[in-house]
Amino acid sequence: MTEEDFKLLVDFHVNADRQGPGSDTETEKALSLTNLDFEKPLKVADIGCGSGAQTFALATVLEKTEITAVDLFNAFLMQLNLKAVQNNFDDRIITLKESMDQLSFDEGVFDLIWSEGAIYNIGFKKGLEDWKKYLKLGGYIAVSEITWLTNSRPKEIEEYWNAAYPEIDTASNKLGVIEELGYQPVGYFPLKQESWLDNYYGPIEDRFEAFLEENNHSEKAKNLVTQEKEEIKMYKQFKDYYSYGFYIAKKV
Ligand SMILES: C[S@@+](CC[C@H](N)C(=O)[O-])C[C@H]1O[C@@H](n2cnc3c(N)ncnc32)[C@H](O)[C@@H]1O
């Protein structure tokens with residue numbers, strides 16, 4: 001993708017409440033599967049935070065915790081900072097513009113590493129492997145990752161996802177990867193369909209017309225809308241076969 005393509009993609013998503021499927025309830029559910037003491041001042045990193053949907057959900061439960069929210073794009077971080085000030089979280093949420101494969105964190109510092117709908121940017125296995133060193137022993141990692149919900153599926157959706165993200169797999173295989181890397185899995189659950197349709201795709205569909213007008217119906221804007229529509233169509237047709245799976249694991 002060119003820099004202009006990235007800018008357009010970020011422009012399309014930056015003012016949304018969230019940049020991927022999910023919900024506060026599911027963020028809280030994943031957090032509850034860790035055995036962390038929420039009353040303590042923990043150190044948390046939220047990698048690929050976007051404009052911070054899950055960052056604020058975490059900060060609301062973890063009242064004494066400092067969260068470092070990392071993203072590659074300044075536009076998302078500026079939006080996150082604005083919301084942090086508006087909601088009085090700015091003393092506990094720090095933003096960091098870095099790539100998730102070149103993090104400048106010290107080793108062994110985090111009680112919890114969080115990443116919703118973002119680890120695919122470097123791959124599930126690589127992300128889990130690279131980030132492990134930043135966790136304390138006994139610390140937790142919680143990531144959501146695109147996952148097949150059944151052992152077999154129609155060829156059309158299999159081909160679509162294999163082309164988009166060949167690391168897509170079943171939960172049992174993903175849990176195997178977690179174990180291979182020396183983590184102890186402590187939980188898995190798939191995101192609900194409402195977390196895709198009501199919280200993510202619905203608001204996207206509502207933005208198409210305004211986005212096209214703002215961009216004078218340029219070819220690039222039209223292509224982006226076409227791609228988003230295709231993704232949504234696929235999800236609506238094949239939603240029984242895939243979702244984001246939430247994986248929670250402990251560094252042992
Ligand atoms: C699908 S969005 C999810 C955002 C947010 N976690 C959410 O669920 O609303 C993926 C995020 O990963 C970020 N991202 C992409 N590549 C990245 C990289 N190499 N390093 C850090 N963040 C990256 C994007 O800017 C985007 O905010």
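1. Aromatic pairs. This predicted model holds 23 aromatic pairs. One of them joins Phe73 and Phe76, whose rings are 6.4 Å apart centre to centre, with 85° between the planes. The pair counts as edge-to-face because the angle is over 60 degrees.

2. Exposure of that pair. Phe73 has a relative accessibility of 25% and therefore counts as partly exposed. Phe76 has a relative accessible area of 8%, so this residue is buried, the limit being under 20%.

3. Aromatic cluster. Trp148, Trp161 and Trp196 belong to one aromatic cluster.

4. Ligand site. Around the ligand stand 19 residues, and the closest are Gln19, Gly48, Asp71, Met100 and Glu116. By class, the shell consists of eight polar, seven nonpolar and four charged residues.

5. Gln19 places a backbone N or O atom 2.9 Å from a ligand oxygen atom. At Gly48, a backbone N or O atom is 2.8 Å from a nitrogen atom of the ligand. Ser99 takes part through its side chain, where an N or O atom lies 3.0 Å from a ligand nitrogen atom. On its own the ligand has 590 Å² of accessible area, and the protein covers 90% of this.

Key. Residues numbered from 1 in each chain as written. Predicted model: local features only at pLDDT ≥ 70, side-chain atom pairs only at ≥ 80, totals over all residues. Heavy atoms only, no water. Near = heavy atom within 4 Å. Polar contact = N/O pair within 3.5 Å; in protein donor to acceptor, adjacent residues only side chain to side chain. Areas by Shrake-Rupley, 256 points an atom, 1.4 Å probe, with all protein chains shown as cover. Nonpolar A, V, L, I, M, F, W, Y, C, P; charged D, E, K, R; others polar. Phe/Tyr/Trp six-rings, centres within 6.5 Å; stacked < 30°, edge-to-face > 60°. Buried < 20%, exposed > 50% of the residue type's maximum accessible area, 1.4 Å probe, protein only.
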